[in-house]
Amino acid sequence: MVVPILVFHKIGPVPPDSRYPRNSVRAEQFDALLKSLKGAGYEGIGFAQYLAHRRGEATLPRKPIILTFDDGYRSNADIAVPIMRTHGFTATIFVIPGLLGQTNRWDADEPQEPLLSADEVRALHAEGFSFGSHTLTHARLTAVAPDRALHELRASREALEALLGEPVTTICYPWAQHDAGVRRLAREAGYACGVEIRRRLNRDDTDLMVLHRIPVTYLDSTWRIRWDLFRLQFRRS
Ligand SMILES: [Zn+2]
């Protein structure tokens, strides 16, 4: 089974003063992409369902896809969620439990934007959206001491589980930075899978701690993403 995972950050206008304009996808672009995916028969799944499939305990739809959002900006709830609702998709949002209701402080010289609050996370969860951890403070796990990395991983999972009342299985490595040591700590902290950013699809033998996600930016047309989803089926590793 081949499972694509897409990664978005913000849906909305591209901020003119941003150093990372590629973290934005315009609303009309997102709407067109989801409409196209729906029309092509893609069905959104979550990591719990994907992990059950990898354990041989669940059957996936014929064309599964996982939509993910990094950082948990409030604009996800305001702009992306209504568009996903229209097309019948949900998503997994990777939030930073130590910064809920605050701003993207880890990008000090970037325009600051509000992040989802704990109440907003709970409301989206009740509506069928899933959540994973993006560490406690958006820590660069490959650069901090192992005990600090383990704390970032474990305490964020525990905080999120307390907030949602269910197991949190997935870690999204900040800045997609990970190495063998970080992946070992992530397993030790109780995660069943981890996600990075790489233009590849996932197969039944893909390392669960290094699941690949295709980035979508304001530069990517629907056609480009659909073409990637097609051509990458024939590409190994
Ligand atoms: Zn991030």
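Close-up 1. Aspartate 71 sits in the loop between β5 (64–70) and α3 (74–87), and histidine 138, 67 residues apart from it, in the loop between β7 (130–133) and α5 (146–164). Helices (H or I, at least four residues) and strands (E, at least two) are DSSP runs, numbered from the N terminus. Aspartate 71 is buried at 5% relative accessibility, and histidine 138 is buried at 6%. Buried means under 20% relative accessible area (1.4 Å probe, protein chains only).

**Close-up 2. Surroundings of histidine 178.** Histidine 178 lies in the loop between β8 (170–172) and α6 (180–188). Its side chain makes a polar contact with the side chain of arginine 183 (2.9 Å) and another with the side chain of glutamate 196 (2.9 Å). A polar contact is a pair of N or O atoms within 3.5 Å; within protein, one must be able to donate a hydrogen and the other to accept it, and residues adjacent in sequence count only if both atoms are side-chain atoms.

**Notes.** Residues are numbered from 1 along each chain as its sequence is written. Local features of the predicted model need pLDDT of at least 70, side-chain atom pairs count only at pLDDT 80 or more, totals for chains, interfaces and linings use all residues, and side-chain values use heavy atoms, with hydrogens and water left out.

Definitions and conventions: Buried means under 20% relative accessible area, exposed over 50%, partly exposed in between (1.4 Å probe, protein chains only).
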